[in-house]
Amino acid sequence: MAQTSPRPRAFRVMVKPRGPVCNLACGYCYYLAKEKLYPGSDFRMSDAVLDSFTRQYIEAQQAPEVTFVWQGGEPLLMGVDFFARAIAWQKQYRRPGMHVTNTLQTNGTLVDEAWGEFFQAHDFLIGLSLDGPQAMHDVYRRDKGGAPTWERVMRACDIFHKYGVEYNILCTVHQANAAYPRDVYRFFRDEVQAQFIQFIPIVQRDTDAGDQEGTALTASSVTARQYGDFLIGVFDEWVHHDVGRVFVQLFDVALAAWMGQRPGLCVFAPTCGLELAMEHNGDLYACDHFVAPRYRLGNIIETPLVELVAAESQRRFGQDKRDALPQLCRDCAVRFVCNGECPKNRLLAAAAGEPGLNYLCAGYKSFFTHIDHPMRMMAEELRQHRAPANVMRRLRQEEADLAVRCAQAGRNDPCPCGSGKKFKHCHGR
């Protein structure tokens, strides 16, 4: 038996009932290649695995709320009946007073009225993959026949609005949309009328196995500078117009960090290891981004789920996120919010060749430095039991005051903004 550590109070498993099988062939997808791990498989989760996982997952949680996370591949390929059975087993195994929720990530192309009714009836939270306006989305998000998918995804949005299904936009940032942050954000806000948005950088290793080996990246991958500039562009639009009205996951995570709280997203937490992935046959892996033989913990039919999660190898996997940080990260002013981001992106060497520097480091440092002032404002509002949305009024007043001071400044005077530069080299340009 594998050596175990103390069992965690709570953890999450990303369940892939159809494995890597999908009806799309997105140009940046790393997971389609996982079919090679299971040659000859039908990639359909059996009722035996579903039943066993549901029971074990609920029994293992020591928290009053349990969240089932469904992903793929494309989980809707399992059909409504599969998820109806999942709901039935959840009701059977949950303890008195326990609240069970379901989240599901989908490409949206299979969503119809029946799915809309089902999601609404069972309070599913949906993560919908949409990469912005049509011309940007359809560059990489195409089906197996090469046809564009934007119109089908937009129909899913309409169905979700019709049935009152709660959903988040999952937008990947890549070479087709990185240069247009405001266009992408305004599209989600004004046309899709989305309230919740997540941005996910495409940093994809150029390997046939879709793993985290090597340092070469695909052409679709975003650069660090592009991603930092993208986030800054979105943030500047949001912080001036939409605080309290539109919720961007990364901005919420950042505000928590500025409040002195532990970041609530695994990629920005000091350590990880409590967000695992399970394939269709019950194989459990350390993380969704590390589905590879060396990170396979075992199978829940053969070994209890709670033992696999508490394995010493999984504890080390999570602790390495912190312990393997290069000195450059340890000394960084924004470490409190970044924590080196996800280990999957740590493919650069820092000073003197020290490994483990995140590929997106420069972008994140630029972004987190840029937002420091308004984040401090919002944190102050919260501590005074006021709405963070007050930051919009405060920024407008600051900018109006600065405009007055700039109008009175000479070209060689220190810039009124406090940058330390001469006015002619700063706001006087």
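Biologist: How many aromatic pairs does the structure hold?
Modeller: This is a predicted model, and the count should be read with that in mind. The number of aromatic pairs that the structure holds is 38.

Biologist: Which geometry do Tyr30 and Tyr31 form as an aromatic pair, stacked or edge-to-face?
Modeller: The two ring centres of Tyr30 and Tyr31 are 5.8 Å apart, and the planes make an angle of 85°. Since planes over 60 degrees apart count as edge-to-face, the pair formed by Tyr30 and Tyr31 is edge-to-face.

Biologist: Which residue has its charged end over the ring of Tyr31?
Modeller: Tyr31 itself is buried, its relative accessible area being 3%. A charged end sits over its ring at 4.0 Å from the centre, and that end belongs to Lys16.

Biologist: How many residues apart in sequence are the parts that the pair of Trp70 and Phe83 ties together?
Modeller: The ring centres of Trp70 and Phe83 lie 5.2 Å apart with the planes at 85°, so this pair is edge-to-face. Both Trp70 and Phe83 are buried. Trp70 belongs to strand E2 (residues 65-70) and Phe83 to helix H2 (residues 80-93), so the parts tied together are apart in sequence by 13 residues.

Biologist: What is the peptide bond from Gly72 to Gly73, cis or trans?
Modeller: Gly73 has its place in the loop between E2 and H2. Most peptide bonds are trans. For the bond from Gly72 to Gly73, however, omega is near 15°, and the bond is cis.

Biologist: Is Phe43, which has a positive phi, buried or exposed?
Modeller: Most residues other than glycine have a negative phi, whereas phi of Phe43 is near 50°. Phe43 lies in the loop between strand E1 (12-15) and helix H1 (47-60). With a relative accessible area of 6%, Phe43 is buried.

Biologist: And Asp123, whose phi is also a positive value: does it count as buried or exposed?
Modeller: Phi of Asp123 is near 55°, and the residue is placed in the loop between helix H3 (113-121) and strand E4 (125-129). Its relative accessibility is 64%, and the threshold for exposed is over 50%, so Asp123 counts as exposed.

Biologist: How do H7 and H15 lie to one another, roughly parallel or roughly perpendicular?
Modeller: Helix H7 (residues 224-241) packs against helix H15 (residues 390-408) with the axes 7 Å apart and at an angle of about 100°. Angles from 65 to 115 degrees fall in one class, which means that H7 stands to H15 as roughly perpendicular.

Biologist: How many residues of the contact of H7 with H15 are nonpolar?
Modeller: On the H7 side, Val239, His240 and His241 take part, and they meet Val391, Met392, Leu395, Arg396 and Glu399 in H15. Two of the contact residues are polar and two are charged, while the nonpolar ones number four.

Biologist: Which residues does Ala33 touch, leaving out those up to four places away in sequence?
Modeller: Ala33 is found in the loop between E1 and H1, and at a relative accessible area of 18% it is buried. Its C-alpha atom is separated by 25 Å from that of Arg152, 119 residues apart along the chain. With sequence neighbours up to four places away not counted, Ala33 touches Asp208, Ala209 and Gly210.

Terms used. Residues are numbered from 1 along each chain as its sequence is written. This is a predicted model: local features need pLDDT of at least 70, side-chain atom pairs count only at pLDDT 80 or more; totals for chains, interfaces and linings use all residues. Side-chain values use heavy atoms; hydrogens and water are left out. Axes are lines fitted to C-alpha atoms, for helices over the stretch in contact, and angles run from 0 to 180 degrees between N-to-C directions. Helices (H or I, at least four residues) and strands (E, at least two) are DSSP runs, numbered from the N terminus. Angles under 35 degrees count as roughly parallel, over 145 as roughly antiparallel, 65 to 115 as roughly perpendicular and the rest as oblique. Contact means heavy atoms within 4.5 Å. Ala, Val, Leu, Ile, Met, Phe, Trp, Tyr, Cys and Pro count as nonpolar, Asp, Glu, Lys and Arg as charged, and the others, Gly among them, as polar. Rings of Phe, Tyr and Trp (its six-membered ring) pair if their centres lie within 6.5 Å; planes under 30 degrees apart count as stacked, over 60 as edge-to-face and the rest as tilted. Buried means under 20% relative accessible area, exposed over 50%, partly exposed in between (1.4 Å probe, protein chains only). A charge sits over a ring if NZ of Lys or CZ of Arg is within 6 Å of the ring centre and within 35 degrees of the ring normal.
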